[in-house]
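Here are my notes for a colleague who is new to this entry. Please read them with the model open.

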Amino acid sequence: MRVELLNDTDVAAALDHDSAIASQRLAFTALGRGEAQLAPKSAIRTGEDTVLSYLSRLSPRHGPVAKLVSVNPGNAERGLASISATVLVLDAETGTPIATMAGTTLTEIRTAAGSAVAVDALAPAEADVLAVIGSGVQARAHVRAIARVRALREVRIHSRDPARREAAAAELAAELGLHVRPAGTPAEAVRGAGVVAACTLSAEPVVPTSDLAPGATVVSVGSFEPHRREVDGELLRAAATIVVDDTDTAVHHAGPIMTALAEGELTRDGITPLGAVLTGQAPGRKTPEDLVFYNSVGIGVQDAAAALAVLGAL
């Protein structure tokens, strides 16, 4: 059997934002219904660098998918991507490899698409102002994806580097035809925003909880390791609903969730998996004024669904 070899350009050509969002909705729904199989996420940390491995199966009729990821924050200074990845797809019946694909672009698109699914499920329909903390690959991908599920009136981007946030705002405004502006501070970015997306690799909180608007939906995709905490304990205490991509994964990898559990301010019963919201087993937002927090660490079933979408095998 021929093994397909796909690079990042091939993946990008096969996986637009709408098809990626559809794949992620399928992934979380399958997980919520108990159809998907998900092995524990593993991590090895060396200094500031981390290697992660993911293994999953979207359903018994789909083949296993494995992904190996390297997170190297120092790459930003080298002019390289901070995250690189490789994905292997096996045949459902024989277990033989059917595809190997570069996973960097796939991870970028599926992460933002997963957040878009969460925003669509958790944010009020009228939420039309998006604040993004960060100006890198994931920050830009999140603007593109969330713009597919909400009619955005304004996007604000804050990052520590003024030149980078200005460049990201100009790029996205030209590409999407939206009003996108740089914000000088995190507080300026989040005030009045219905949706806030934190897309950094920060070990310290970057979302100012006291400046969040009533009814805001806050998404964190950078809190995917125990030492990374894009949000503070105040946000978790204030949140009416705390949603994660997978509870078992979050309690071992999501920094803010692990901290709140360790300090006794949160129990597993207070955590809602996104799949349960999508399948109607648990409520997401109860009132328009609720503060809702979604912590995504990234899980294998997301990769499986995205890889299969690239191959046209969903």
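**Notes on packing and charge pairs**

1. Start at the surface. Leu68 sits in strand E5 (residues 65-71). Keep in mind that this is a predicted model. Together with Ile44 and Val51, Leu68 makes a nonpolar surface patch of about 280 Å² accessible area.

2. The largest nonpolar core has 61 residues. Those touching the most other members are Leu58, Val89, Met101, Leu106, Leu130 and Tyr294. Helix H4 (residues 104-122) supplies the largest share, 9 residues.

3. Look at Met101 in particular. Its contacts beyond four places in sequence include Leu6, Val11, Thr86, Ala307 and Leu311. A second, separate core holds 36 residues, among them Phe224, Val251, Ala254 and Phe293.

4. Next, charges. The model contains 17 salt bridges. One of them pairs Asp18 with Arg148, with the closest N and O atoms 2.7 Å apart. Asp18 is in helix H2 (residues 17-32) and Arg148 is in the loop between helix H5 (137-146) and strand E9 (154-158), so the bridge ties together parts 130 residues apart in sequence. Asp18 is partly exposed, at 39% relative accessible area.

5. Are the partners in the Arg228 bridge buried or exposed? Arg228 pairs with Glu225 at 2.7 Å, N to O. Arg228 is buried, at 2% relative accessible area. Glu225 is buried too, at 4%.

6. Compare the salt bridge of Arg268 and Asp248, also 2.7 Å from N to O. It links the loop between helix H10 (255-262) and strand E14 (271-273) to helix H9 (residues 247-253). Arg268 is partly exposed at 44%, and Asp248 is partly exposed at 46%. Elsewhere, shared partners join Arg140, Arg144, Glu171 and Glu175 into one salt-bridge network.

How values were computed
Residues are numbered from 1 along each chain as its sequence is written. This is a predicted model: local features need pLDDT of at least 70, side-chain atom pairs count only at pLDDT 80 or more; totals for chains, interfaces and linings use all residues. Side-chain values use heavy atoms; hydrogens and water are left out. A nonpolar core is a set of buried Ala, Val, Leu, Ile, Met, Phe, Trp, Tyr and Cys residues joined through side-chain atoms within 4.5 Å. Buried means under 20% relative accessible area, exposed over 50%, partly exposed in between (1.4 Å probe, protein chains only). Helices (H or I, at least four residues) and strands (E, at least two) are DSSP runs, numbered from the N terminus. Contact means heavy atoms within 4.5 Å. Patches are made of residues with over 30% relative accessible area and no salt bridge: like charges are joined within 9 Å, nonpolar side chains (Val, Leu, Ile, Met, Phe, Trp, Tyr) within 5 Å. Accessible areas come from the Shrake-Rupley method with a 1.4 Å probe; for residues, only the protein chains shown count as cover. A salt bridge is a side-chain nitrogen of Lys or Arg within 4 Å of a carboxyl oxygen of Asp or Glu.
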